[in-house]
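Let's take a walk through a protein model together. Have the sequence and the 3D view open as you read.

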Amino acid sequence: MILGVPVFEHHALTAQMVASLAATVRGDFTLVIVDNASPTPYRRADYDVPFRLRVVRNERNEGNFYPLAQVAELEPGHEVVALAHNDLIYYEAGWNLRVDEAFADPLLGMVGFAGSASLDDEGHRGGVVSNLRGTRGHASAEDIGVRVTDLRPSVAVDGLFMAFRRGALAALTLDRSLPPAHFYDFIWGAQVIDAGWRLGTLGVEVDHIGWSTEVGQAAALDPEWRRWCIEQGIDAGADPMAAIRAVGAQRWAAFRGRFYPAVARW
C-alpha cells in the first residue's frame, strides 16, 4: 500500500499520526506526506519510521484531488493507493494488511474506515458504520452509527480514509474545478460505483480528530480558499469555506442522478 496524507501545518498532529503508523503498519508500506504549502515546510529527516516515507512539496494548497493523483504516480508498483487525513490516529496492529486483504474481492474498488449503507436524496448518510474509538476529540462509532470490525458493503465512504484499487482510480475525475474540500469523498464514491466497482467499510480501530485543519488553520487557509473561489468565478463572501461547501453540494447533486441507478445495480 502507498498512503498519501495531504498536510498544511499542524506538524505536531501529523507527528502523532506518523508515530501511530510506525507502531501499527506491517509489511510493504509507503507513506507520502504531501506538504501543501505549509509555511514551515515538512522534512523527511524529522521522522524515524520502519517503512518508506517520502515528503513532496506543493507551493499551494491543492485540496485532495491532485494529491491523490500525485501519490499514485510515485510508486506504480503498489496496487492499493490510499488517502487519509493527517488527524487520523491508528491503533490496530497490521491494519494495512487487512486493507490489502479486502481487495481479494475482485469487485471491490474502494474501502474506507467509516461509511454508510444508504444516502438520502440530499446526500446525508444513513446506516453509518465504523470502528472509530472517539477518545481523541471526535465522535465514537456508537455516537454516529454502528461499531463494526468486519468488512461491509457501503454506498459512501467517509473521506477520513479511502483506499483504492489502482484500477478503480481510472474512474475518478481529478478535476481542478472541483472543490478542494467537502463532498469529494461522495463524488469519488459515486464515480467508483458508476464504473462498476463496489465500496466497502472496514472496521479498523482509529481516532479521527476532526476539524483540526479547517478550524485550527482557518485564518492561514483563508487566502488559499479565496484564490480558488476567484479562479472558479465564485463569490467567496465573508466565509470562503462556506462558499466552497455550497459548491461541493452543487457538484454532488450533479453526480446524484448517475449515482442511484448505479447503486441499485449491486
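## Ground rules

This is a predicted model, where local features need pLDDT of at least 70 and side-chain atom pairs count only at pLDDT 80 or more, while totals for chains, interfaces and linings use all residues. Residues are numbered from 1 along each chain as its sequence is written, and side-chain values use heavy atoms, leaving out hydrogens and water.

## The nonpolar cores

A nonpolar core is a set of buried Ala, Val, Leu, Ile, Met, Phe, Trp, Tyr and Cys residues joined through side-chain atoms within 4.5 Å. Buried means under 20% relative accessible area, exposed means over 50%, and partly exposed is in between (1.4 Å probe, protein chains only). The largest core here has 39 residues, and Leu3, Tyr90, Trp95, Val99 and Phe161 touch the most other members. Several helices and strands (DSSP runs numbered from the N terminus: helices are H or I with at least four residues, strands are E with at least two) each supply at least two residues of this core, including strand 1 (2-7), helix 3 (95-102) and strand 12 (161-165). Helix 1 gives the largest share, four residues.

Leaving aside residues up to four places away in sequence, Phe161 has contacts (heavy atoms within 4.5 Å) with residues including Leu3, Tyr90, Trp95 and Val99. Apart from this core lies another one, of 23 residues, with Phe65, Val81, Ala168 and Leu169 among them.

## A well-covered helix

Helix 6 (residues 184-194) is mostly covered, with ten of its eleven residues buried. Among them are Tyr184, Phe186, Trp188 and also Asp185. Just after helix 6, Gly196 takes a positive phi of about 100 degrees.

## Salt bridges

Side chains of opposite charge can pair when their charged atoms come close. Count a salt bridge whenever a side-chain nitrogen of Lys or Arg is within 4 Å of a carboxyl oxygen of Asp or Glu, and you get eleven. One of them joins Arg52 and Asp28 at 2.6 Å, N to O. Arg52 lies in strand 3 (residues 52-58) and Asp28 in the loop between helix 1 and strand 2, so this pair ties together parts 24 residues apart in sequence. Asp28, Arg52 and Glu75 are linked in a network of salt bridges.

Glu231 and Arg60 also pair up, their closest N and O atoms being 3.0 Å apart. Glu231 lies in helix 8 (residues 218-231) and Arg60 in the loop between strand 3 and helix 2 (65-74), so the pair ties together parts 171 residues apart in sequence. Glu231 counts as partly exposed at 45% relative accessibility, and Arg60 is partly exposed at 22%.
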